[in-house]
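The following note sets out numbered points on the structure shown below. Please read them with the sequence and the model at hand.

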Amino acid sequence: QSTWGRTFCFLMWGVFVFVGLFCVGIILHWRRQMRSLSKNRKEIAVMSVLGSGGHTSEMLSLVQSLMNHYPTASFTFVVADTDRSSMDRLAGCQFMLSRKCSVVRLRRAREVHQSYITSIFTTLHALVMAVHIVKSNSPTLLVCNGPGTCIPLIFSACLLNLFGLTSTRTMFIESFARTQTLSVSGRIALSFVDCFLVQWEQLVQKYPKAKYVGILC
């Protein structure tokens, strides 16, 4: 029995090593592909997340500034699947006709008044969708400004970057309305994004990682 036990352990270790090497091989293959795409890409690809109400207004104003600064950049807008307001706002924007723009829909991680138990499953679903969106679009820059929809996308970008599958820079711009404390999304994103910007100087004193840039919109 001891001989069979040692043989079984040896075989299991062999399987684990094989699977590990196989996964490493896949990751290295994807990394080579991503480096090749990065070298061939001449244009900046921006992905921005729209939310309801003031978030969308601020983001669209910021996007217009980015378009002026990067005239050849392409833009992908991520909108929650139940957010009709942002879709209506986008439909009325002239740049949707004159620029390289696309829209993708993402399921909300949690709807208003949704139970916390069922939100576990919708959050996982949103995360899977977010990974697919970031991987398939491979944005150069992911820009967010507060709606909860952005959190799965930020996590997805960090995860894909970690494995070398994308090289997306992440930026979170806290809403103009947040003058004393960060939003819930902001507090979560603070530890994960590459650049965290605030529009009120007093916020930097509470959150040293943030960078004060003044009023943007």
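Buried denotes a relative accessible area under 20%, exposed one over 50%, and partly exposed one in between, with a 1.4 Å probe and protein chains only. The model is predicted; local features need pLDDT of at least 70 and side-chain atom pairs count only at pLDDT 80 or more, while totals for chains, interfaces and linings use all residues. Residues are numbered from 1 along each chain as its sequence is written, and side-chain values use heavy atoms, with hydrogens and water left out.

1. The sheet. Helices (H or I, at least four residues) and strands (E, at least two) are DSSP runs numbered from the N terminus, and two strands pair if DSSP finds at least two bridges between them. On this basis 7 strands form an open sheet with parallel pairing, in the order β3-β2-β1-β4-β5-β6-β7. β3 (101-106) and β7 (211-212) each have a single partner strand and stand at the edges, so one side of each lacks a neighbour in the sheet. Strands of a sheet pair through backbone hydrogen bonds, either parallel or antiparallel.

2. Strand pairings. The parallel strands β1 (residues 45-50) and β2 (residues 74-80) are joined by 6 bridges, and Val 49 has Val 78 in β2 as its bridge partner. Over 3 bridges, β1 also pairs with β4 in the parallel sense; here Met 47 has Leu 142 in β4 as its bridge partner. A further 4 bridges join β4 to β5, which run parallel, and Cys 144 stands opposite Phe 172 in β5.

3. The two faces of β4. In a regular strand the side chains alternate between the two faces of the sheet. Both faces of β4 are covered, with Leu 141 and Val 143 buried on one side and Leu 142 and Cys 144 buried on the other.

4. Helices on the sheet. Contact is taken as heavy atoms within 4.5 Å; axes are lines fitted to C-alpha atoms, for helices over the stretch in contact, and angles run from 0 to 180 degrees between N-to-C directions. Helix α2 lies across β1, β2, β3, β4 (141-144) and β5 (169-173), and runs at about 165° to β1. Helix α6 (residues 150-162) also packs on the sheet, where it touches β1, β2, β3, β4 and β5, and its direction makes about 155° with that of β4.

5. Helix α6 in detail. The 13 residues of α6 reach 18 Å from the first C-alpha to the last, close to the 18 Å expected at 1.5 Å a residue; the expected span is 1.5 Å times one less than the number of residues. Buried residues of α6 include Cys 150, Pro 152, Leu 153 and Leu 160. Gly 164, with a positive phi near 75°, follows α6.

6. Nonpolar cores. A nonpolar core is a set of buried Ala, Val, Leu, Ile, Met, Phe, Trp, Tyr and Cys residues joined through side-chain atoms within 4.5 Å. The largest has 27 residues, of which Val 78, Leu 142, Leu 153, Ile 154, Phe 172 and Phe 196 touch the most other members. At least two residues of this core come from each of β1, β3, α5 (116-137), β4, α6 and β6 (195-198), and α6 gives the largest share, 6 residues. Another core, of 19 residues, lies apart from it and has Val 46, Met 59, Val 79 and Val 143 among its members.

7. Aromatic pairs. Rings of Phe, Tyr and Trp (its six-membered ring) pair if their centres lie within 6.5 Å; planes under 30 degrees apart count as stacked, over 60 as edge-to-face and the rest as tilted. This rule gives 4 aromatic pairs. One of them is the stacked pair of Phe 77 and Phe 95, at 5.8 Å centre to centre with 25° between the planes. Phe 77 in strand β2 and Phe 95 in helix α4 (residues 95-98) are 18 residues apart, and the pair links distant parts of the chain. Phe 77 is buried at 0% relative accessibility, and Phe 95 is buried at 7%. The rings of Phe 172 and Phe 196 are stacked too, because their centres are 5.1 Å apart and their planes lie at 10°.

8. Two threonines. Is Thr 56 buried or exposed? Thr 56, in helix α2 (residues 54-69), is buried, with a relative accessible area of 2%. Neighbours within four places in sequence aside, Thr 56 is in contact with Leu 50, Gly 51, Ser 86 and Arg 89. Thr 123, in helix α5, is partly exposed at 34% relative accessible area.
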